[in-house]
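Please look over the sequence and the model shown here before reading on. The report that accompanies them is meant to be read side by side with the coordinates.

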Amino acid sequence: VDIQDMMRPFEMGADGVMVALCADGTCHLQGEQRVRARAERTQELLDAIGLGGKRLEVVELTSPLRENFRQSVEDMAARLAEMGKSPARKVAAGTK
């Protein structure tokens, strides 16, 4: 997952993006640290352009997977509801 992959949904007007990763050290692909660093940079970019870095959430999938993921989604949904619609929606829709 690259920075462009995380930014594209925002360019299309998404209110938020969640990136799910393996628990630290458990991923057979060994890429979670690179994705975490890219996500942090993407959050910085979102803050810099005024969308808010908290619109990007990185979730570590651990056991029990179902409960952990469900809670993460609920927490993010509540945070996004508090933040309101993404300002990028108007740009993505071609309106001001």
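The paragraphs below take up the fold, the nonpolar core, one aspartate and the salt bridges.

This is a predicted model, in which local features need pLDDT of at least 70 and side-chain atom pairs count only at pLDDT 80 or more, while totals for chains, interfaces and linings use all residues. Residues are numbered from 1 along each chain as its sequence is written, and side-chain values use heavy atoms, with hydrogens and water left out.

**Fold and surface**

The secondary structure consists of four helices and two strands, where helices (H or I, at least four residues) and strands (E, at least two) are DSSP runs numbered from the N terminus. Along the sequence these elements follow the pattern α-β-α-β-α-α. Of the contacts (heavy atoms within 4.5 Å) between residues at least 6 apart in sequence, 67% join residues at least 24 apart. The accessible surface of the protein, computed by the Shrake-Rupley method with a 1.4 Å probe and with only the protein chains shown counting as cover for residues, comes to about 6,300 Å², and carbon and sulfur atoms account for 54% of that area. Of the 96 residues, 29% count as buried; buried means under 20% relative accessible area, exposed over 50%, and partly exposed in between (1.4 Å probe, protein chains only).

**Nonpolar core**

A nonpolar core is a set of buried Ala, Val, Leu, Ile, Met, Phe, Trp, Tyr and Cys residues joined through side-chain atoms within 4.5 Å. The largest such core holds 12 residues, namely Met-6, Met-7, Phe-10, Val-17, Val-19, Leu-21, Val-35, Ala-39, Leu-46, Leu-51, Leu-56 and Ala-88. Helix 1 (3-11), strand 1 (17-22) and helix 2 (32-48) each contribute at least two residues to this core. Leaving aside residues up to four places away in sequence, Phe-10 touches Asp-15, Gly-16, Val-17, Leu-46, Leu-51, Arg-55, Leu-56 and Ala-88.

**Asp-15 and its surroundings**

Asp-15 sits in the loop between helix 1 and strand 1 and is buried, with a relative accessible area of 16%. With residues up to four places away in sequence again not counted, Asp-15 touches Phe-10, Arg-55, Leu-80, Lys-85, Ser-86 and Arg-89. A polar atom of the Asp-15 side chain lies 2.9 Å from the backbone nitrogen of Ser-86.

**Salt bridges**

Side chains of opposite charge can pair when their charged atoms come close. With a salt bridge taken as a side-chain nitrogen of Lys or Arg within 4 Å of a carboxyl oxygen of Asp or Glu, a search of the whole structure finds six; the table lists some of them.

| Pair | N to O distance |
|---|---|
| Lys-85 and Asp-15 | 3.8 Å |
| Arg-36 and Glu-60 | 2.7 Å |
| Arg-70 and Glu-74 | 2.6 Å |

In the pair of Lys-85 and Asp-15, Lys-85 lies in the loop between helix 3 (65-83) and helix 4 (88-93) and Asp-15 in the loop between helix 1 and strand 1, so the pair ties together parts that are 70 residues apart in sequence. Lys-85 counts as exposed at 59% relative accessibility, whereas Asp-15 is buried at 16%.

The salt bridge between Arg-36 and Glu-60 links distant parts of the chain, with Arg-36 in helix 2 and Glu-60 in strand 2 (residues 56-61), 24 residues apart. Glu-60 is partly exposed, with a relative accessible area of 30%.

Glu-74 and Arg-70 both belong to helix 3 and stand four residues apart, about one turn of the helix. Glu-74 is partly exposed at 39% relative accessibility, and Arg-70 is partly exposed at 36%.

Key:
A polar contact is a pair of N or O atoms within 3.5 Å; within protein, one must be able to donate a hydrogen and the other to accept it, and residues adjacent in sequence count only if both atoms are side-chain atoms.
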